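Please examine the sequence and the structure shown below before reading on. The briefing then treats its parts by topic.

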Amino acid sequence: MGNTSSMLTQYDIEEVQEHCSHTFSQQEIVSLYQRFCQLDRSGGGFISSEEFMSVPEFAVNPLSQRLLRMLDGLNFKEFVAFLSAFSPRATLQQKIEFIFRVYDSDGNGRVAMNDMLEVLRDLTGQYISEQQREQVLTQVLEEAGYTKDSSLVLSDFMKILGNSDLKMEVEVPVD
Amino acid sequence: MSGSEKLTSLSSELDLDRPNLEDYLPSGSSIQEPHGKLRLRDLLDISPALTEAAGAIVDDSFTRCFKSNPPEPWNWNVYLFPLWCCGVVVRYLILFPGRVIVLTVGWIIFLSSFIPVHFLLKGHDNLRKKLERFLVELICSFFVASWTGVVKYHGPRPSMRPKQVFVANHTSMIDFIILEQMTAFAVIMQKHPGWVGLLQKTILESVGCIWFNRAEAKDREIVARKLREHVQGTDNNPLLIFPEGTCVNNHYTVMFKKGAFELGCTVCPIAIKYNKIFVDAFWNSRKQSFTMHLLQLMTSWAVVCDVWYLEPQNLKPGETPIEFAERVRDIISVRAGLKKVPWDGYLKYSRPSPKHREQKQQSFAESMLRRLEEK
């Protein structure tokens, strides 16, 4: 899959499909490739942060900076794998795992109160004081049986979010 | 509680200077308001924000406005391909030279009339203006002929009255030429480099043009002042403004800038729709220079479009200029069959204002605090 070619071969599509565990159909992968090429204006084979931020709908999202860290330097195959959690064919486990990865910015498999505070800060901005955020977080953690010093791992996330009706789906436009 | 106090003082600062984005964005999550006591899983569940972000990555309404969709290739089989080749030959070797000749003749006639008129009639301003207007209309007709422009004008021709401005949707700089051949408008334009800039400085000055520079910060006030001065003058040509501020692909309209709508004048909307079967007239200034764009038009079969002069509108009592702008945008979009998107065209060149993100943060914070109170 060269950077300069804008045509995907059947091999390429199947390779990408393998990599994303078949969460996207071949048609969707072709559409995603068109989108990838459209966003990758410089043709470098990956979408830079600048190029992501030129999509206003993405730039106004409070979690854009966090996601940019995860999206940085991804080639097309990895880009599709990143989006696989949003496919209607993705399992609840895959979605929860994605959410865990958003929280676990250093990738050490543990989400501490600090990580949760950071995400909460992104989401609420200046509209809640830092103290209040800590207060609320401590309160709900304790109610759920954790302390403010506990680190959550993936299985904790599965337990907490497991029986909620998580709606995290995106439709890939297919011409 | 300090938190809620902080909330009320900041919400008054968030001057909602634009229509509510949430009405346009496809975020289903904003419709379902979460209820019930706040639990850990509610705080950890960031799926709505993530879904919106992923939705924007996969497809967004802003990029769609500037996408030039290439037509389906129809020449891919044995008998259509030679037909297409004949077409190419006719277009490039017969039509194109013919058109170049037409344009050259037009320029010769124009320059040989314009230069004497401009310099010799310096004293007789009225006559000079009349002749210059006629000549500009003439050269624009030559331009339109050079692309075999087939323009159908609907509606009454614009009249020269004071205190009125004309607004139109913008697809390419040829919009201006197509409208100018009917009526010598004064226009407000971005200063361009190269030969276009030269034309702007010399010929367009005679019909009365206002220049702006997107890059300059203070520019907006200067331009607003110039606009006001122009519409007050009884002698000036009617002013044509493209409130989108940038070229859009003729399938969508982006938000109209309110500058044209707060001058206290009647606003006459003009809708322009190009027929894509003949050529895609969208000028993607990021992909092509204007010269290449013109050459592309001159080597196509024709430029076919409809121009509708719509009913003049006035600011309704109690309407803000922004609401007025949106109302006129609606009128134009409906007439030309364009879809509206809530984005400012200048987002092509800059990042969105932090106000939008703050709006989302505020609504999330409010919802969170509200649920804390619940038992």
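The points below cover the conventions, chain A, the interface and the sheet of chain B.

This is a predicted model, in which local features need pLDDT of at least 70 and side-chain atom pairs count only at pLDDT 80 or more, while totals for chains, interfaces and linings use all residues. Residues are numbered from 1 along each chain as its sequence is written, chains are lettered from A and ligands numbered from 1 in the order in which they are written, and side-chain values use heavy atoms, with hydrogens and water left out.

**Chain A**

- Chain A contains ten helices and zero strands (helices are DSSP runs of H or I with at least four residues, strands are runs of E with at least two, and both are numbered from the N terminus).
- The C-alpha atoms of chain A fill a box of roughly 55 × 30 × 30 Å along the principal axes.

**The interface of chain B and chain A**

- The size of an interface is often given as the accessible area lost when the parts come together.
- Between chain B and chain A, about 5000 Å² is buried, and carbon and sulfur atoms give 70% of this area (buried area is the accessible area, with a 1.4 Å probe, that two parts lose on being put together, summed over both).
- The contact involves 62 residues from chain A and 50 residues from chain B, where contact means heavy atoms within 4.5 Å.
- Two salt bridges are found across this interface (a side-chain nitrogen of Lys or Arg within 4 Å of a carboxyl oxygen of Asp or Glu).
- A salt bridge links the side chains of Arg35(A) and Asp60(B), at 2.7 Å from N to O.
- On the side of chain B that touches chain A, the elements giving two or more residues are α1 (2-11), α2 (40-44), α3 (47-58), α4 (61-65) and α12 (354-373) of chain B.

**The sheet of chain B**

- Seven strands of chain B form an open sheet in the order β1-β8-β7-β2-β5-β3-β4, with mixed pairing (two strands pair if DSSP finds at least two bridges between them).
- Strands β1 (149-154) and β4 (210-212) of chain B stand at the edges with a single partner strand each, so one side of each is left without a neighbour in the sheet.
- Strands β7 (residues 266-274) and β8 (residues 303-309) of chain B run antiparallel and are joined by five bridges.
- Tyr274(B) has Cys305(B), in β8(B), as its bridge partner.
- Helix α11 (residues 321-336) of chain B packs on the sheet and touches β2 (164-168), β7 and β8 of chain B.
- The direction of helix α11 of chain B makes about 35° with that of β7(B) (axes are lines fitted to C-alpha atoms, for helices over the stretch in contact, and angles run from 0 to 180 degrees between N-to-C directions).
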